[in-house]
Amino acid sequence: AFRRRRSDDVVTSYEIIVRDRRRRDERRVAFAPANATEYVVSNLSRRTPYVARVRAHNRAGPGKWSTKVSFMTEEGVPGKPQNFTVNARADASGVDFSWEVPLENNEVLRGYVFDCASARRFVSATSRTIHLDGLEASRLHRAFLWARNERWNGIKAEISFWVGPVPKSERAPTSALPTSTVRVFSVSGTDSNDGGLVYICVAAAVGGILMALLFALIAVVHRKINKALDSLSPSSHEGNSTIPNTAALPCGKLILSKER
């Protein structure tokens, strides 16, 4: 923003220069109309020091530059932490969470905020893992993680996982499982100090078992059908059995008669 000095001259426009203090050769030039008292310069870099000056123009030419004004642009909102995952420890001492830095606005991070089971922790910006134990067994938990800079809380990353065996009501039906590997996070144990195992259910194996059962059922039905057909054949009856003409019989009926 700027204010025009009292003058009899008619101002035709204002020239504004914004320069990056770290790069003297880079500057932005803009012109504001004569009736303007403020101007918005867009597309500036985040968290960058700038210097701005302004001068008026009339029909005779430009006037003197104003005094320099220094300012710092604000930080942006940090992006979502990448690859937020949970894994059980091999030594049965709880679960570990890991992540990677956000892709957006990660230049100056103060740290990360971790929230799970009403336990909120603040970890340093260089941290990439956190350990957690004492979680209640046989229930679904949710964990949240977001980055923080000096001004903003970032976008949250979320993950859900089971502690204890996964109830049957929460398991996906076999028909709904994809052909690829399905990973179910589950921490085994009956108390909060027990460790965890990550159960990996392979849908292909389940499908193979179902196919084997199906083929066995088809084989049984096939044998029963063959046995029933053999019992209806003429050779299976004693004496001179003949099969009368069935052309006039209703469809689906077969009558056997024995000659006297």
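Met-211 sits partly exposed, with a relative accessible area of 42% (buried is under 20%, exposed over 50% and partly exposed in between, taken with a 1.4 Å probe and protein chains only). The model is a predicted one, in which local features need pLDDT of at least 70 and side-chain atom pairs count only at pLDDT 80 or more, while totals for chains, interfaces and linings use all residues. Residues are numbered from 1 along each chain as its sequence is written, and side-chain values use heavy atoms, leaving out hydrogens and water.

Met-211 belongs to helix 1 (residues 203–231); helices here are DSSP runs of H or I with at least four residues, strands are runs of E with at least two, and both are numbered from the N terminus. Together with Leu-214, Phe-215 and Ile-218, Met-211 makes a nonpolar surface patch of about 390 Å². Areas come from the Shrake-Rupley method with a 1.4 Å probe.

Now to the inside. In the largest nonpolar core, which has 20 residues, Phe-84, Phe-97, Phe-114, Ala-143 and Phe-161 touch the most other members. A core here is a set of buried Ala, Val, Leu, Ile, Met, Phe, Trp, Tyr and Cys residues joined through side-chain atoms within 4.5 Å. At least two residues of this core come from each of strands 6 (82–88), 7, 8, 10 (129–132), 11 (139–148) and 12 (157–163), and strand 12 gives the most, with 4. A second, separate core has 10 residues, among them Ile-16, Val-18, Ala-36 and Val-54.

As for pairing (at least two DSSP bridges between two strands), 3 strands form an open antiparallel sheet in the order 6-7-10. Strands 6 and 10 are its edges, each pairing on one side only. Strands 6 and 7 are joined by 5 bridges, with Ala-88 opposite Val-95. Strand 8 runs antiparallel to strand 9 (residues 119–124), and 6 bridges join them. Here Phe-114, already met in the core, stands opposite Arg-121. Their hairpin has 2 residues between the strands, and Ala-117 takes a positive phi near 55°.

The loop between strand 7 (95–100) and strand 8 (111–116) holds Glu-107, which counts as exposed at 61% relative accessibility.

How values were computed:
Patch = residues over 30% accessible without salt bridge, like charges linked within 9 Å, V, L, I, M, F, W, Y side chains within 5 Å. Salt bridge = Lys/Arg side-chain N within 4 Å of Asp/Glu carboxyl O.
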